[in-house]
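Please keep the sequence and the model in view while reading.

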Amino acid sequence: MEKSDVKVKVLGSWSSPFVLRARIALNIKSVNYEFLQERLWEGKSELLLKSNPVHKKIPVLIHGEQPICESLIIVQYIDEAWSSGPSILPSDPYERATARFWAAYLDEKWFPSMRSVGIAQGDDAKKAAIAQVEEGLALLEEAFAKCSKGKAFFGGDQIGFLDISFGSFLGWLRVTEKMSETKLLSEAKTPALLSWAHKFCSHPAVKDVMPDTEKLAEFSKTILARFRGAAPPKS
Amino acid sequence: MANEKVKLHGFWVSPFANRVKWALKLKGIEYEYMEEDVWNKSNLLIQLNPVYKKVPVLVHNGKVILESFLILEYIDETWNQNPLLLPQDPSQRALTRFWAKFAEEKIFEAAFNALCSHGDEQKKAVQLTMEAMEKIEGELKGKQQFFGGESIGYLDIILGWISYMLPVFEEVGSVQILDPVKFPATIAWSNRFLNHPVIKDTLPPKEKMLVYFQERRHIISCANLGWIKF
């Protein structure tokens, strides 16, 4: 049963890569949804606290009355609940396990290493943090070759679970490149990922929801400023 | 799927590897077991799992599958005979995956820390473990035999360590977590789980576990390393 007449909402924020995953997945399935932007500085909404009482975090997908939490779980839910749309997970169990493995790796190891670049104090610390990110990207470049089998995306001809899981971080990756004045994705080291990133961001399911890098960079400065107790820069 | 080569690389006391054993046995899948010494890793293990260098590793007809959660889903999808480990309904599947992730992040981590720490840090770890377990206790209320219903499912397997390993942590750490007043449903579930024919014959010997975790606690306390997972 498609439940196509049932209301779909996404609770989140334009800047969150995790929220972006849910939106891209819904776009792939051509599902209409209402996007509810959480207020950034005034505390979490009642709806968020009610829908995700355990973690109180975004994204939350609300399908009818049912809340679904945790971005990778949400994407899998979207794939399974709207089963007649284009598939997001591969159909082969081994390929599914591989896509899920790299998605978990991204969340548990790679994204934290990228966040460390922003926080690192001093040149040596920054260099070390960047080296870690690049190590991860080298693994992902290899994974891309295996998963894509010569096609444009990790998912093959169409964007799939791992494209969404990784691609959602591209905005922040570009901000990190800008702030650290380093190219993390490059023709020299990660040619396949560089080309993939461009195709991903231009994809119809992605381009209208991927946050603008400049806007993200400004937002990142605002967060840092608040964190350090200064007044946020005028927007 | 008969006569296909299935190999599980595990470590005798690893609760993560045990999950895979349970899943394979529940489905009646024949497999070869390879014991790995995680404290002296073989070249083969490092080759199979270069990113994390951990067990369990499932090798099925040459394909390598890593991470216990993912191996369970792989097993369920590849051998889709009964018992099905995950529910069929998408929202039930999402909830199952949600609680599995929650339990791993909030219960196991905190319980292991309770095992290895002392004083205030240990008190805090016990408190965090119990707070997280209250959520699982809530989920068990009104359930039949198991999280999976009449038969053991994915979430039972993921949480199964609570039944046989958490009491060991409690004894070694000299703490009480499984309070029968606070967790009656969890304890009842735990007893049913332990008595299941597939489970009770695949548990590491309690005495051996006690010695192992005593040593872990001692080493970690001496080195003051805080969080270390095997």
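**A sheet and a helix pair**

In chain B, four strands form an open sheet with mixed pairing and the order 2-1-3-4; strands (E, at least two residues) and helices (H or I, at least four) are DSSP runs numbered from the N terminus, and two strands pair if DSSP finds at least two bridges between them. Strand 2 (32-35) and strand 4 (63-66) of chain B each have a single partner strand and stand at the edges, so one side of each is left without a neighbour in the sheet. From one strand to the next, the twist averages 20 degrees.

This is a predicted model, in which local features need pLDDT of at least 70 and side-chain atom pairs count only at pLDDT 80 or more, while totals for chains, interfaces and linings use all residues. Residues are numbered from 1 along each chain as its sequence is written, chains are lettered from A and ligands numbered from 1 in the order in which they are written, and side-chain values use heavy atoms, with hydrogens and water left out.

Strand 3 (residues 57-60) of chain B pairs with strand 4 of chain B in the antiparallel sense over four bridges. B:Leu58 stands opposite B:Ile65 in strand 4 of chain B.

In chain A, the axes of helix 7 (residues 170-180) and helix 9 (residues 213-227) come within 9 Å and cross at roughly 70 degrees; axes are lines fitted to C-alpha atoms, for helices over the stretch in contact (heavy atoms within 4.5 Å), and angles run from 0 to 180 degrees between N-to-C directions. Helix 7 of chain A and helix 9 of chain A are therefore roughly perpendicular to each other (65 to 115 degrees).

Conventions
Angles under 35 degrees count as roughly parallel, over 145 as roughly antiparallel, 65 to 115 as roughly perpendicular and the rest as oblique.
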